[in-house]
Amino acid sequence: MYRLRMATAHDHPRGHDRLRLRARLRYFYHGASPAAVKFRLMVIVVDLVIISFFLAAPILKEAGWAFYVVDYLIAAVLALDLAARAYAYSNVRDWLKRPIVWVDLFVLATLLFPAWLANLGFLRLLRFWSLLNSELFWRTIGRRYDDTRVEEITRAMAALVTFVFVVTGFVYAYFRGKAEHINGYLDALYFTVATLTTTGFGDITLPGNWGRVISIVVMLVGITLFIRLAQTLIRPHKVKFPCPVCGLQKHDPDAVHCKACGQILNIPDEGD
């Protein structure tokens, strides 16, 4: 049997190398060792740099061809990262079922095809939302706060901040020069914040019926996101502890019985 295994490994060196590569990628992306944590920290730092580039993209486009060179370099980095994550995952089909993955794939498409998807470039800032909602982030930077009140507040703030800058990018891309007083990115940001908070100063408005519809959507979604953030700050925090009988996922930290079925619980203290 030993000779057979040795012969198989010798006859298929490429298959053996692929297994070693997948094991190494899993070690870095999912491991708990200091080396794996440092690797994921580097990935997160690169992600933050990329997000900063996306945020400054409306202004940096004036650099001409240099902007597109950086754009394609970022596309290459993002493609390598996504390919490595997919290869490290146990089942690629399950990996593709995750909404966050499709967000990242769409961001990659806007980088690879800027000529066709230029007007959708503002959606690249969804990468910020996908980063702060990823397992990689909470296993690395947020591992001490995973499944805690801090995580809930961070996710709610990520949704609000992402919405603000996505709407700002949309208004800048489609209404610059068409709407009165929207001539720069700061003007678009000012309009978004004034509309989202329902302050409505009225000095900057979007023209036509579609402009009114967009303003209404921004106000409604903005209020919803503000309420969600307020709820996470005010309401009592619940811990994730599945009930062994009914499967209810979250309970109060000091709960003795499941509020759905009455099953006796044994929720450990946070310090345990």
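This is a predicted model. Start with what covers the buried residues of α11: the cover includes α3 (34-60), α10 and α12 (208-234). The buried residues themselves are Tyr185, Ala188, Phe191, Thr192, Ala194, Thr195 and Leu196.

Now look at the helix as a whole. α11 runs over residues 185-196, 12 residues in all. From first C-alpha to last it reaches 16 Å, close to the 16 Å expected at 1.5 Å a residue. After α11 comes Thr198, whose phi is positive, near 60°.

Next, step across to α10, one of the covering helices. It spans residues 149-175 and holds Thr168. Is Thr168 buried or exposed? Its relative accessibility is 0%, so Thr168 counts as buried; the cut-off for buried is under 20%. Which residues does Thr168 touch, leaving aside those up to four places away in sequence? They are Tyr185, Ala188, Leu189 and Thr192. Of these contacts, Tyr185, Ala188 and Thr192 are also among the buried residues of α11. The spacing along a helix matters here. An α-helix has 3.6 residues a turn, so residues three or four places apart point the same way.

Finally, move to the surface. Tyr68, Tyr72, Leu112, Phe113 and Trp116 make a nonpolar patch of about 580 Å². Trp116 sits in helix α7, residues 114-117. Its relative accessible area is 71%, so Trp116 is exposed; exposed means over 50%. Thr168, by contrast, is buried.

Note on methods. Residues numbered from 1 in each chain as written. Predicted model: local features only at pLDDT ≥ 70, side-chain atom pairs only at ≥ 80, totals over all residues. Heavy atoms only, no water. Helix = DSSP H or I, 4+ residues; strand = E, 2+ residues; numbered from the N terminus. Buried < 20%, exposed > 50% of the residue type's maximum accessible area, 1.4 Å probe, protein only. Contact = heavy atoms within 4.5 Å. Expected span 1.5 Å × (residues − 1). Patch = residues over 30% accessible without salt bridge, like charges linked within 9 Å, V, L, I, M, F, W, Y side chains within 5 Å. Areas by Shrake-Rupley, 256 points an atom, 1.4 Å probe, with all protein chains shown as cover. Salt bridge = Lys/Arg side-chain N within 4 Å of Asp/Glu carboxyl O.
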